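I opened this model to look up its domains and its salt bridges. My entries follow in the order I made them.

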Amino acid sequence: MIWNEEFETLPREAVEALQLKRLKNLIERVYAVVPYYRKKMEEMGVKPSDIKCLEDIRKLPFTTKEDLRINYPFGLFAVPFERVVRIHASSGTTGKPTVVGYTKRDIETWAELMARTLTAGGVHQGDVVQNAYGYGLFTGGLGAHYGAEKVGAAVIPISGGNSKRQIMLMQDFGSTVLLCTPSYALNIADVMKEMNIPESSLKIRVGLFGAEPWSENMREEIEKRLNIKAMDIYGLSEVIGPGVASECIEEKRGLHIFEDNFIAEIINPITCEPLPHGEKGELVFTTLTKEAFPVIRYRTRDISVIIPEPCSCGRTFKRMQRITGRSDDMLIIRGVNVFPSQIEHVLMSIKGVEPHYQIVVDREGSLDMMEVQVEVSEGIFSDEVKVLQKLNKCISQELKDTLGVNCKVKLVEPKTIQRSEGKAKRVIDNRKI
Ligand code: DLL
């Protein structure tokens with residue numbers, strides 16, 4: 001099922017014509033009303049009239065989290081404040097949050113995009129949607145909520161946390177759809193196991209998971225343990241929230257980018273050079289329809305690949321591969337670039353290892369030391385020391401082969417690594433660098 005046939009199946013030329021028209025309007029508007037963008041464009045010697053074709057987007061300056069910080073809280077808003085009806089924020093790296101605003105029309109656009117997302121995941125009227133994304137300043141809860149109502153599903157606005165209550169309501173209300181972070185979905189599966197509740201006592205059919213990196217192996221684990229289909233959905237507050245790109249249930253391979261609303265580019269994160277489709281790099285988004293808080297060439301730091309080939313589901317929008325890491329999440333361990341996603345990939349392919357782990361980085365003298373703490377299954381933990389040693393050695397070797405750097409592996413008892421109710425914290429970097 002496609003929520004908005006008219007737009008989601010537009011022929012490519014029409015998509016691009018619409019993008020160009022909207023891009024021109026956007027640039028004219030921000031140049032006129034946002035002094036900061038105007039100044040940046042002037043510094044680069046570019047005027048709105050220089051945007052004549054889609055490739056001309058490359059003439060425009062990038063926007064980064066630092067630009068948002070400088071303009072904290074409302075400096076980049078592009079409408080008079082009276083037109084703002086909602087404010088969200090996400091935690092920044094430097095203490096002050098990143099603030100985003102929405103007009104009435106922005107809220108409608110967002111609901112439309114989330115309706116498309118949910119429909120692409122197979123959600124429809126008659127479904128009971130348990131929305132365990134956090135409600136509040138985080139965009140996950142309310143963003144998904146409006147979309148679910150728009151498709152006509154019954155929404156349970158439970159927010160994240162309190163897994164026992166989540167399970168009780170899933171059983172009592174007959175929830176058919178679960179919305180939360182992938183790590184929280186596993187947390188719920190763990191609590192169900194502890195309480196001896198079989199997944200067959202639930203009606204959940206599908207889950208739409210996002211807001212944090214996860215792997216194909218983790219998808220398999222969630223699908224198996226909850227007996228559902230697990231879909232990947234992507235978005236970020238600066239661009240709109242959830243509803244930027246999402247998988248279709250037909251293919252489950254790559255996330256369709258809602259290109260009538262956003263232009264996606266991939267750049268080399270070091271040189272900032274645009275990369276051709278099919279090459280891996282940092283995702284950059286320009287919003288085409290947002291009124292209150294448009295962004296121009298926003299650098300997400302998320303690493304992905306754009307897939308231009310058409311999809312069998314009928315949607316004509318290009319897809320992006322699932323996020324494989326963040327350019328600023330990359331750890332440099334003794335000079336070697338290490339992504340937490342590589343570690344997750346290794347761990348999830350080893351039997352006896354639970355999908356709960358944490359990476360702790362320290363500096364001893366001038367040497368970086370990385371320890372990977374991994375939970376093992378109940379059965380393995382009560383086994384002989386020899387079995388544990390063997391498993392430890394196997395994980396260390398696999399990690400070394402994949403990462404090209406030695407790391408310490410510490411097997412920990414089941415349930416010792418802190419569980420997340422929202423985004424999981426995978427890396428603790430104790431180095432003062
Ligand atoms: O996490 C919006 C969202 C809510 C997306 C619910 C999906 C579901 P922020 O808090 O601003 O917004 O965080 C955005 O989270 O730049 C990525 O690094 C990461 N992220 C979001 N979705 C995915 C995903 C929301 N599907 C940041 N896979 C982004 C990997 C994701 N990372």
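**Entry: R205 and D127**

I started with R205, which counts as partly exposed because its relative accessibility is 34%. Here buried means under 20% relative accessible area, exposed means over 50%, and partly exposed lies in between (1.4 Å probe, protein chains only). D127 is buried, with a relative accessible area of 2%. The side chains of R205 and D127 meet in a salt bridge, 2.8 Å from N to O. A salt bridge is a side-chain nitrogen of Lys or Arg within 4 Å of a carboxyl oxygen of Asp or Glu. This pair links distant parts of the chain, 78 residues apart. R205 sits in the loop between α8 and β6 (206-210), and D127 in the loop between α5 (104-120) and β3 (128-131). Helices (H or I, at least four residues) and strands (E, at least two) are DSSP runs, numbered from the N terminus.

**Entry: ground rules**

I noted that this is a predicted model, where local features need pLDDT of at least 70, side-chain atom pairs count only at pLDDT 80 or more, and totals for chains, interfaces and linings use all residues. Residues are numbered from 1 along each chain as its sequence is written, and side-chain values use heavy atoms, with hydrogens and water left out.

**Entry: more salt bridges**

How many salt bridges does the structure hold? I found 33. I looked at D67 and K40, whose side chains meet at 2.8 Å, N to O. D67 is in helix α4 (residues 65-70) and K40 in helix α3 (residues 35-43), 27 residues apart. Both D67 and K40 are buried.

Next I took R12 and E16, which form a salt bridge with the closest N and O atoms 3.1 Å apart. They are four residues apart in helix α2 (residues 12-33), so about one helical turn separates them. R12 counts as partly exposed because its relative accessibility is 22%. E16 also counts as partly exposed, at 33%.

**Entry: two domains**

I looked up the domain assignment, which gives domain 1 (1-327) and domain 2 (331-429). Such bounds come from an automatic or database domain assignment. The C-alpha centres of the two domains lie 30 Å apart. Their contact (heavy atoms within 4.5 Å) takes 22 residues from domain 1 and 17 residues from domain 2.

Together the domains bury about 1,500 Å², 50% of it on carbon and sulfur atoms. Buried area is the accessible area (1.4 Å probe) that two parts lose on being put together, summed over both. N187, D190 and N217 supply 24% of the area that domain 1 buries against domain 2, more than any other three residues.

Which salt bridge did I find across this interface? The rule finds one there. R419 pairs with D190, the closest N and O atoms being 3.4 Å apart. On the side of domain 1 that touches domain 2, α8 (182-194), α9 (216-226) and β14 (325-326) each give two or more residues. The largest share, six residues, comes from α8.

**Entry: E371**

I ended with E371, in strand β18 (residues 367-376). E371 counts as buried because its relative accessibility is 17%. Leaving aside neighbours within four places in sequence, E371 is in contact with Q358, I359, V360, K408 and K410.
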